[in-house]
Amino acid sequence: MHLNTDRHFHVSLVIRNVTVFRSGKPIVEDVTFSASREFVLVAGPNGAGKTTLFLAVLGLLPYRGEICVGGVCDIERTRKVGYVPQAIRVETNATVWEYVYLPAKFRGVKNVEKTVEEALKTVELFELRDKPITTLSGGQLQRAAIARALAVGGEVLLLDEPLANVDPQGRVELLALLRELKRERTILMTSHELTLPTNLADKILLLNRKLIAYGPPSEVLKEEVLYKVYRYVRIAQTPTGYVCVTEDYAHPH
Ligand SMILES: Nc1ncnc2c1ncn2[C@@H]1O[C@H](COP(=O)(O)OP(=O)(O)OP(=O)(O)O)[C@@H](O)[C@H]1O
């Protein structure tokens, strides 16, 4: 038991000199960073190791180094981590309620009914709790998956490309939800989108097998930093957000 009562500490994620292995090979090498009650956008090219890093935090891949959540550094830390995978599978006949309730019940979450109710209310799906999960839209499904992750743990939330397959309206709703959620917890979200509202990400972690950069968007979304990973990407800051200004059409060859 630790005696630190600081709320920031409880939701903190510390990753120290972490190397993650797949099939015995190091995929992510010597990564060190920490986040506490912050929203971290995890960016990097395909195959950079973003999902691999998440799977290590979840205790699903072997790693060297130290991973701690709220000061807990052994496998018990995974009880505090909620995960939304890139491909959400919903081929079941479950209702929205069951989809969120069953894994929480299985994990032995205390006051499980109340916890699930709160999670569904947080993502604004409580009214739809009796609907089959398969009838939800892409954006609603992402929110259901977030509720599921909140119900099982959720002091640290790992979201793998939640913006993919979500339409513009769903995107606005999802970003509003994430902005709300980050007030109480630490969120890591992978995305290939660097176009994002200024008030969403507190930090950007740029990964390409190794940690390339970690800091606030104003420091990472710079030409000289991005060039280490992406050749043709430039970012401009507008009053409301960051936008990609260099697209393929600017480079016909
Ligand atoms: N079972 C495995 N054995 C060995 N290498 C693997 C295995 N699974 C994945 N990899 C390698 O790990 C690397 C990192 O994959 P990962 O899915 O973590 O990247 P990512 O950054 O999440 O990519 P994306 O943006 O495409 O989702 C890839 O190059 C992949 O080839």
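Strands S8 and S12 (residues 241-244) pair in the antiparallel sense, over two bridges. Here a strand is a DSSP run of E with at least two residues, a helix is a run of H or I with at least four, and both are numbered from the N terminus. Two strands count as paired if DSSP finds at least two bridges between them. In this pairing, Leu196 has Tyr242 of S12 as its bridge partner, and Pro197 has Gly241 of S12.

A quick word on the model: it is predicted, so local features need pLDDT of at least 70 and side-chain atom pairs count only at pLDDT 80 or more, while totals for chains, interfaces and linings use all residues. Residue numbers start from 1 along each chain as its sequence is written.

S12 also pairs with S11, antiparallel again and over three bridges. Ala236 has Val243 in S12 as its bridge partner, and a hairpin joins S11 to S12 through three residues. Put together, the three strands make an open sheet in the order S8-S12-S11, with antiparallel pairing. S8 (196-197) and S11 (235-237) stand at the edges with a single partner strand each, so one side of each has no neighbour in the sheet.

Now to the other end of the chain numbering. Strand S1 (residues 12-22) is joined to S2 by eight bridges, and the two run antiparallel. They form a hairpin with two residues between them, and Ser23 in the turn has a positive phi of about 50°. S1 also pairs with S4 (residues 63-69), in the antiparallel sense over six bridges.

The surrounding residues are Arg22, Ser23, Lys25, Ile27, Gly44, Asn46, Gly47, Ala48, Gly49, Lys50, Thr51 and Thr52; a residue counts as near if its C-beta atom, placed from the backbone, lies within 6 Å. Strand S2 (25-36) and helix H2 (50-57) each supply at least two residues of this shell, and H2 gives the largest share, three residues. By class, the shell has two nonpolar, seven polar and three charged residues. In this scheme Ala, Val, Leu, Ile, Met, Phe, Trp, Tyr, Cys and Pro are nonpolar, Asp, Glu, Lys and Arg are charged, and the others, Gly among them, are polar.

That leaves the helices, with H5 (residues 138-152) packing against H3 (residues 96-106) and its axis also meeting that of H4 (residues 112-122). Axes are lines fitted to C-alpha atoms over the stretch in contact, and angles run from 0 to 180 degrees between N-to-C directions.

| Helix pair | Axis distance | Angle |
|---|---|---|
| H3 and H5 | 8 Å | about 25° |
| H4 and H5 | within 9 Å | roughly 145° |

H3 and H5 are therefore roughly parallel to each other, a label for angles under 35 degrees. Val96, Tyr99, Val100, Pro103 and Ala104 in H3 meet Ala144, Ala147, Arg148, Ala151 and Val152 in H5, where contact means C-beta atoms, placed from the backbone, within 7 Å. This contact has nine nonpolar residues, no polar ones and one charged.

For H4 and H5, the contact is made by Thr115, Val116, Ala119, Leu120 and Thr122 of H4 with Ala147, Leu150 and Ala151 of H5. Its residues divide into six nonpolar, two polar and no charged.

Technical notes
Parallel < 35°, antiparallel > 145°, perpendicular 65-115°, else oblique. Contact = placed C-beta atoms within 7 Å.
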